[in-house]
Amino acid sequence: MDKSRVVHYLEERASDFYSLSDKIWENAEIRFQEKQSVQDYVAFLENEGFSVTVGLAGLKTAFCAQWGSGKPVIGFLGEYDALPGLSQKAGVAEKESAEGNGNGHGCGHNLLGVGALMGAVGFKHYLETEGKSGTVVYFGCPAEEGGSGKTFMAREGCFNQLDVALSWHPNDLNMMPPGPVLANDSIRYSFTGKASHAAAAPEAGRSALDALELMNIGVQFLREHIPSTARIHYAITDTGGISPNIVQAQASALYQIRAPFAPELADLYERVNNIARGAALMTDTKVTIKFLKGTSNTVLIPALDEVMYNNMCEIPNPVEGAEDMAFALEIVKTQKAADTIIENAFNIKPMPWNKAGNMPLAGSSDVGDVSWVCPVSQCGTSTWPIGTAAHSWQAVACGKSDFAHRGMLYAGQIIAATAIDICDNPEIIETAWKQLRDKTGNQPYHCPIPPEITPDLLEAETT
Ligand SMILES: [Zn+2]
Ligand SMILES: [Zn+2]
C-alpha cells in the first residue's frame, strides 16, 4: 500500500474529525480546565481501538493513547487549550462575541489536536492493513498557553520512549519552521524592605524600590556580557507606592529572559538571580525569586523536516476546494489596508523550506522541551487566510470553517505520510538522533522549570 491510500483514507473519514474539532472549538476550555475536551478525545480514541491513560506528570488534563507494539515508536503531539477573553462567533467577519464562557480558540488548538490525531489514526491504519510492527502514541498535551504542559511532561519522562515525535500548528501559510523558537523564562522578583518617614526617620527605612532599581542597573551592565542573541526584558509591576516621603517597603518586577539555546538560558537565569540577591544585600532588603514559567528552544532536525516538507509538496492541498472562500476574503479585508487588492485568500503552494534553519522565530512553545528529549518535526499549514495572526478574533472566527477543516486534513495527511516514510526507512531515525546529539552538544535535557514547581502550584497561580 502506498502513502496515497492513507491520504485518501483520511479524506474519506474527514467528517468524523471535523466534528471532533468543532466540539473542542465549542468547549473552548483554557489551561488546566480542559476536562470536557479530554473526555471527547478519550471517547474518540477508545472507539478507534487505542488504550488511553488520563492524567500524566501531575497534570489532570494530560493523557496518552497507545496502539500497536514494537518499533518504531512514533509520538503525535496534540493540544486543545483555548485563550481567555477571545470569545468570537464562528463564520462572522467582524468582532462579535459568542455566547458562552468568554474563551476562544485563538491559536487554533481545536484544529491542532485533531490534525495530529488524524496523523496518528492514519499511521495506525497503515500499520494495521500492512501488518507491520510499530507503536502509535498520541499525547494529549494541556495548557500550552501559559501552562507549559509539555515541559512538565518532558520533566517526568513522558516522551522518553519515543523514536520521534510529530506535530503541526495552524498557520496562514504552508511551511516548515524557518528557524527555532527561543528558550524563554518568566520570573517575578519581589523585594521587601521597611517603611519609614523618608525625612523624619530615614535611617529606620530600608527601600525595596532602591533594591529593585539597583537590580535593574545590574542587569543593564550584565547585557554587555551575554550572548548577542539572548534577550532580557523587564516590567516594574509594583513601585511600592506613590509617596516619595515614605520609604517603599515593597517593590517587584517581572523579568523575561530568552536565548536560542536552553543551556545558555539556564546560565543567564542564575546570573540574573545573583544580581537580585546582590541588590538585596546592598540595600539590606529581602528578595523572593518566583519562577513563573519556562520553555526550551526547539531543536530543528533537518533529516525529519525534509521528509515532512517533501510530503507537504507531494500531497494535494485540499484547501483549494473549500466552499467558503468568500468568507476567507472578508477576513483578509479586516486585516489589510482597504486599497490592497487580494484575489486569493490562500497560498496553496508550500513556502520554500529554509534548510539552514537559521531564522529564529519570535515566541516560544513547549514543543521545544519535547525536541530536547527526542527528534521532533512539525509543519504549519494554512487554516487561516493570508495575514491572519494567531491570538486574534479572526483566528477564532475561522476555527470551524470549511477551509480550516481542510487545512487540518492537509496537516493530518502530511503527518501520517511522514510517519509512514519514517517507519519504512528506519535509517531516518538514526540520522535524526545523530542530528539531535550534534545540535545539543550531546547535553542531556535540563528542564527549565525548577523541581519544586508542580503543575498544582502553577494551576493555582494561573486559573
Ligand atoms: Zn498561542
Ligand atoms: Zn498555539
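Begin by selecting Gly 68 and Thr 135: Gly 68 stands opposite Thr 135 in strand 4. The model is predicted, so local features need pLDDT of at least 70 and side-chain atom pairs count only at pLDDT 80 or more, while totals for chains, interfaces and linings use all residues. Residues are numbered from 1 along each chain as its sequence is written, chains are lettered from A and ligands numbered from 1 in the order in which they are written, and side-chain values use heavy atoms, with hydrogens and water left out.

Helices and strands here are DSSP runs, numbered from the N terminus (helices are H or I with at least four residues, strands are E with at least two). Two strands are said to pair if DSSP finds at least two bridges between them.

Six strands form an open sheet in the order 1-2-4-3-5-10, with mixed pairing. At its edges are strand 1 (51-56) and strand 10 (376-382), each of which pairs on one side only. On average, neighbouring strands of this sheet are turned by 20° against each other, direction ignored. Such angles are taken between axes, which are lines fitted to C-alpha atoms (for helices over the stretch in contact), and they run from 0 to 180 degrees between N-to-C directions.

Select strand 6 (residues 183-192) and strand 8 (residues 250-259), which pair in the antiparallel sense over 10 bridges. Within this pair, Asn 184 stands opposite Arg 258 in strand 8.

Select the zinc ion (ligand 2) and display the side chains around it. Which residues coordinate this zinc ion (ligand 2)? Cys 107 (SG), His 109 (NE2) and His 169 (NE2) do so, at 2.1 to 2.4 Å. Donors are N, O and S atoms within 2.8 Å of the metal (3.2 Å for Na, K and Ca); water is not among the atoms, so sites may look incomplete. Along the chain, the donors follow the spacing C-x1-H-x59-H.

Next show the zinc ion (ligand 1), which is 3.3 Å from the zinc ion (ligand 2); Cys 107 coordinates both. Cys 107 is buried, with a relative accessible area of 8%, and His 109 is buried at 0%. Buried means under 20% relative accessible area, exposed over 50%, and partly exposed in between (1.4 Å probe, protein chains only).

**Fourth stop: aromatic rings**

Rings of Phe, Tyr and Trp (its six-membered ring) pair if their centres lie within 6.5 Å; planes under 30 degrees apart count as stacked, over 60 as edge-to-face and the rest as tilted. By this rule there are 15 aromatic pairs. Select Phe 17 and Phe 44: their ring centres are 5.3 Å apart and their planes are at 50°, so the pair is tilted. Phe 17 lies in helix 2 (residues 14-27) and Phe 44 in helix 3 (residues 35-47), so the pair ties together parts that are 27 residues apart in sequence. Phe 17 counts as buried at 0% relative accessibility, as does Phe 44 at 14%.

Finally, select Tyr 41, Phe 63, Tyr 80 and Tyr 138, which ring pairs link into a cluster.
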